[in-house]
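Welcome, and thanks for taking a look at this one. Here is a short briefing to read alongside the structure.

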Amino acid sequence: MPDTQDGIDLMRSRMTRAQRVPPTPRRPAPATDPAGETTTPPEESPVAPPGVTADTARRTRPAPSRRPRVGPADPPVNLAIRVRRPLDDHLVDLLHDLRKAGVRSSKVELIEMLLWELPADTEALRRRLAEFRRAAPRGTDGA
């Protein structure tokens, strides 16, 4: 019998490799005692009212007013959305007009541009959402 391993032996050797060790967390969680209670009190935020922790202030802080930084090496994610046909037709028409003018683009790029232009102000976003819902109400799905 030859000294080379067959496919099954190779698969078994791969399965016996050491497991990947996850990196240490950037913000370690506070230590907990065996009862599950936090042993170190969270620090209080210097800009928040007394009794408000930095973590709570971080979650309730308004979003920054600037647009997100997007680089060419940023990993893509699957947005996986389904839009109504008139909106998709409008997007296709816009892309066709751009191409006739010599501008190459894609649905993805235009949707990323629109996401990038979203206001960081929640109130402004709420007003725009209400206006969109009045102009283009959805069906019975309630979304």
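Does helix α5 lie largely in the open or largely buried, and how many of its 14 residues are buried? The number buried is one, so α5 lies largely in the open. Please keep in mind that this is a predicted model.

**Helix α5**
- This helix covers residues 122–135 and has 14 residues.
- From its first C-alpha to its last, α5 reaches 20 Å, close to the 20 Å expected at 1.5 Å a residue.

**The largest pocket**
- The space in the largest pocket comes to about 1200 Å³.
- Its lining has 29 residues, and those closest to the pocket centre are Ile81, Val83, Leu87, Leu114 and Phe132.
- Helix α5 comes back here: α3 (85–100), α4 (107–116) and α5 each supply at least two residues of this lining.
- By residue class, the lining holds 19 nonpolar, one polar and nine charged residues.

**The second largest pocket**
- This pocket has a volume of about 560 Å³.
- It is lined by 16 residues, with Val77, Val108, Ile111, Glu112 and Leu115 the closest to its centre.
- Its lining divides into 11 nonpolar, two polar and three charged residues.

**Aromatic rings**
- If you are checking ring contacts, the count of aromatic pairs is zero, with a pair requiring ring centres within 6.5 Å.
- A charge does sit over a ring, though: the charged end of arginine 67 lies over the ring of tryptophan 116, 4.2 Å from the ring centre.

Terms used:
Residues numbered from 1 in each chain as written. Predicted model: local features only at pLDDT ≥ 70, side-chain atom pairs only at ≥ 80, totals over all residues. Heavy atoms only, no water. Helix = DSSP H or I, 4+ residues; strand = E, 2+ residues; numbered from the N terminus. Expected span 1.5 Å × (residues − 1). Buried < 20%, exposed > 50% of the residue type's maximum accessible area, 1.4 Å probe, protein only. 1 Å grid on protein atoms, 1.4 Å probe; cavity = no way out; pocket = protein on both sides within 12 Å on 5 of 7 lines; lining within 4 Å. Points joined across faces, edges and corners; volume = space filled by probe spheres on them. Nonpolar A, V, L, I, M, F, W, Y, C, P; charged D, E, K, R; others polar. Phe/Tyr/Trp six-rings, centres within 6.5 Å; stacked < 30°, edge-to-face > 60°. Lys NZ or Arg CZ within 6 Å of the ring centre and 35° of its normal.
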